[in-house]
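I opened the model to look up a few points on contacts, helices, core and sheet. My notes follow in the order in which I checked them.

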Amino acid sequence: MARYIGKRIIYMVITLALIATFTFFLMKILPGSPIASADKLSPEQRAVVEARYGLDRPLPVQYFDYMFGLLQGDLGVSINQFKGADVTDVILSRMGPSAQIGFQGMVLGTVLGILLGMVAALRQNTWVDYSSTVVAIIGISIPSFVFASMLQYSLGLKLGWFPVALWKDGFMSSVLPSIALAMFPLATAARFIRTEMIEVLGSDYITLAKAKGASGAEIAFKHAFRNALIPLITVLGPMAVAILTGSLVVEQIFAIPGIGEQFVKSIMVSDFSIIMGTTIFFSVFLILVILIVDILYGIIDPRIRLSGGKG
Amino acid sequence: MKNSKLFWLLGLVLVLSIFLAACGGGEETDGGTETPDSSETDTSNTDDGGDDSASTEGGEPDAEQVLNLVEGAEIPSMDSAIAEDSVAFNILNNVNEGLFRLNEENIAVPALAESEPEISEDGLTYTFKLRDANWSNGTPITAQDFVFAWQRALDPEVGSPYGPYMMAGTIKGAKEVSEGADPSELGVVAEDEKTLVVTLERPTPYFMSLMAFGTFYPQNEEFVTEKGDDYASNSDNLLYNGPFVLTNWDGTGLTWTMEKNEEYWDAETVTLETINVDVVKETSTALNLYQSGEKDRVGLSGEFAMQYADDPEVVKELEPTLFYLKFNQERNGEETPLANENIRKAISMAFNKQDLVDVVLANGSLPANYLVPTEFTFSEDGEDFREINGDLTGFDATKAQEFWQTGLEEIGQTEVTLELLGGDSELAGKMDAYLKEQLETNLEGLTVNLKAVPFGVRLELDEAQDYDIQNSGWGPDYQDPMTFIDLFVTGASHNLMSYSNEEFDSLVEQAKGELAQDPAARWEAMAEAERILIEEDAAIAPIYQRAVMALQKPYVNGIVSHPFGGDYSYKWAYISGKE
Amino acid sequence: MTQNYDNLPQGSFDRITRDTEKAERISKPSVSFWQDAWRRLKKNKGAIFSLILFGLIVIMALLGPVISPYSPNSQTITHANLPPKIPVIENLGIFDGVGTLGGKEVDLYEMKNVEQNYWFGTDGLGRDMFSRVWKGTQVSLFIAFAAAAIDMLIGVIYGGISGYFGGRVDDIMQRIVEILTGIPNLVVVILFIMIMDPGILAIIIALTITGWTGMSRVVRGQVLKYKSQEFVLAARTLGATDGRIIWKHLMPNVLGVIIINTMFTIPGAIFFEAFLSFIGLGLQAPDASLGTLINDGYKLIQYQPHIIAIPAFVLSLIMIAFNLIGDGLRDALDPKMKD
């Protein structure tokens, strides 16, 4: 196991280096100048500003410089979004709210989704089942920005249960954004668990358990649920990606000082160092999630050989 | 498993009902807001530079003096030398102050300067006496603070976008200093603690209004040097000398507060205690915050304008910001069809501006047939510069078609395809779609391809002259028609469309040089230049002069909007009648 | 009852002889895998309903802009922001051209002196929503199908090769996939759209640039599973080439999974396109897709619900249809689900 994890971490570092390289050169062909109001700067000033951010040096030099900095955990300095601010500081200061709503959304969605899926499977083809299906449909058929603004309008403005927007009232502020983010994991988990549970409930060992006189609850939780849960881990990766994407939208609509909202802005103003830094940050997050999922899978289901392909 | 599938349909019904619920709720609220059957307010010209109806009706300040506002973007930098965007200039205008400040009538009046300066005969030397005023940390503001700030703004190492841009050609030695000469060559001297002498390159009739601009604010040398790289990185690493001080700003956040500055020399005028600002990028979110009572004033964009047109809480302000189509005459070293004067004239007459401002913008903007905005600059007898030339072009489909045919013959083509470069905002997209449709309908054989890009990309394409037509906008940097007119001088940094007319250039040169001391002749020269640019050459096609529409709670009084520099002053604002 | 046997009339029973020939006969018609799948799919009402529904949507997407008297991009600025009005149905109190303005209910058609009927209303520039919605559906479906087809092509080839050859080839190819999945697709898509000239093509390329990895994983897994089975060994023993084994023997077995995966890729692509519209990187005006239409409308949900409701409804229908068809196909193609 330790050897496997070690190997994976080495791969991770290589992957990250390649991603950084890829993004770096992609960034260089991106149109747009990172120096805002370049039209007002004189050629002399421009040269000075470019020199300050090292934009005047040959590309390979810039590249190795960046990679070297990256090794030391230095992501550079924002060029125009927050002039002169350390990219690491920007990311750190924006990470908190994103992490909070992302985590809450994920947990809320997954837990509710599992419950819904379970109930639906146990009460197959009853109204319980149908209503859980309905919820799952809403989760996948309304774009998150529409859903988020409807939540804001109904629960925030009309009913006044939660703050309309802004990041001021601690946990209360995070409720609506979390619900908006929870929809996708909820729908995914509910559908997934339902299908898996129905399959498991029909399998021989459940019949055996029934034959041995196990109670309904015992069967549902001890046998069916546990086995249905395992495959769910495989969709945690895609869910994390969806949360990441969703955060861009949800943070903007609820005016939350998060990293997604900030990322969209940095693209619009071509702030190369922030785009690079945020991309690398997102990648680290994603790769870690994938790694954790793989490790968890190995722990929970001993049938999977970790060293082999994931087939 | 299978039967349940039919109940996906049920889901659909629910989805629908959510929509309906949302809509139904909407009607309810709208009904709830009582809309007195007031006669329609004249949308076009009620604005008097921020003197909006709401502020004149207001009573005495009585409630808690807290104002809650939204802003559309973060602060990129609070260093007055580096600042370049409207958010930063707006805050600077409220937490700092220069020699002059725009008052409630938008006239530049002495602020840190004790009185009007002494001006030499030739109009080249200004001597300012400073009043006794302190920085927010208690240090007195001295003439040296101005010398330091201005020299710093010109230092190439600092990379100030507005420093050389505003000072070069105006203040003596500014160009040389910005190119690396010794800072002491700058024509700004602190004669003593409280006396500042400024020497100009040439007489500048609008110099006083420049002094209200953020780049000309003082900076305390000791403080700036002590903080080094950390200067202006958050609200603690800044010094203030204006009506308010900035607090709670961490440098990258979406929220900040302005609190009354007790050290301010005119603190007794300031009524507001606290201004809470949050960045909200979605108009619909801002509107919801307004309706829930968390915010006191929010801007309304075009799509919301129609719904609130008759709302008593609506405030409309005409801004001196002009939007126009730039015609690029030379792209990648080759002449474009737009190098032909008739083609340009045809395009500039081929779209209906009235419909555009009425339906697409719907916020009180005016159709523009000119370059220098209306209600922006006034002669000494109070005559609007606009009155000299009036309209210089206008929508006329028939005439446009005539010009178009002549132009096509001249360039020997029957079909022309042009690219229209525009911004990536929703409004820009809508407007460009409208222009495309209008131009293609009114000019036979014209195909317009739209290209919407983020602002940074647009600047780059502009600079490379890599576009055909560009939807561009310009707001003034100081209160003089010249801020618009000299944009189009041959080789100017904003020209970037290969427009060149010797007569135009020489008129601008005259207005800047020999006529500077003769206001009437100077205005004539500028007016003639404007006429040549638009009526004769159709170098650009004006579209509209922007107005902004906002919802403002009735208890908010005295917010003053400004035509240039910072957008608003809260110095005179107060809350009255809030429960 | 036994005692009554003798009372039975003669001829009630025939003597039959055991026929060894007939014992081998298959009494039911022989069905291929696909016929069987189709039979099972037909029993699934939800899936069939969705297929029909989807067919209708496609027909409308193609015909809609043609039926409408107005073209999707032509503007009648004086007719801006009209609510839907459909003759006959208007008498029921819906789609009657009444909308809210400044908080009051008014017949906007009467107010603006509009004689024509706009079935789905008009948008802020006076463009007919009916033709725009269907044109937008067309564009959205095109983007989704193109993206799914490219994903499928690259994914199947890549996954097939990787899984079939295994060993070092597989190792290297999987490392590449790992890197690609490590970059958030969101970032890649955004960067690519910014580099290319914005438009349909840019969106399709951006969507597919990392999108195929999912398909390749699935295909690789299936190929790995099947390639060691006996029928492949038999084919190989009989001298079949690699190409023949892949195409004739492996692919038919993997096809089901590919189809199911594609069915879930399509709604994903439509959704992502809507998301791109939200962050301002969608289609260029004046082109419309369901994403741009919804994005234009969601802010006005309190005032002009028709601008968002109709495209959102069509989007939901498509999403639901694809998910149901996908579910149905999975049940039909997955022998485990046989009932």
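Entry 1, contact of chains A and B. I looked up the contact first: chain A gives 51 residues and chain B gives 54 residues, with contact meaning C-beta atoms, placed from the backbone, within 7 Å. On the side of chain A that touches chain B, α6(A) supplies the largest share, 8 residues. By class I noted 26 nonpolar, 18 polar and 7 charged residues on that side of chain A. Here Ala, Val, Leu, Ile, Met, Phe, Trp, Tyr, Cys and Pro count as nonpolar, Asp, Glu, Lys and Arg as charged, and the others, Gly among them, as polar.

I note that this is a predicted model, in which local features need pLDDT of at least 70 and side-chain atom pairs count only at pLDDT 80 or more, while totals for chains, interfaces and linings use all residues. Residues are numbered from 1 along each chain as its sequence is written, and chains are lettered from A and ligands numbered from 1 in the order in which they are written.

I found C:Arg132 in helix α5 (residues 129-165) of chain C; helices are DSSP runs of H or I, at least four residues, and strands are runs of E, at least two, numbered from the N terminus. Is C:Arg132 buried or exposed? C:Arg132 counts as buried because it has 30 C-beta neighbours inside 10 Å; the cut-off for buried is 20 or more other C-beta atoms within 10 Å, with C-beta atoms placed from the backbone. Not counting residues up to four places away in sequence, C:Arg132 touches C:Pro72, C:Asp123, C:Arg127, C:Ala288 and C:Leu293.

The largest nonpolar core has 345 residues, and B:Trp150 and C:Ile193 have the most contacts inside it. Such a core is a set of buried Ala, Val, Leu, Ile, Met, Phe, Trp, Tyr and Cys residues joined through C-beta atoms within 7 Å. Leaving aside neighbours within four places in sequence, the contacts of C:Ile193 include C:Pro198, C:Ala202 and C:Leu276.

β6(B) and β7(B) are joined by 4 bridges; pairing requires at least two DSSP bridges.

Technical notes
A residue is buried if 20 or more other C-beta atoms lie within 10 Å of its own, exposed if 12 or fewer, and partly exposed in between; C-beta atoms are placed from the backbone. Two residues are in contact if their C-beta atoms, placed from the backbone, lie within 7 Å.
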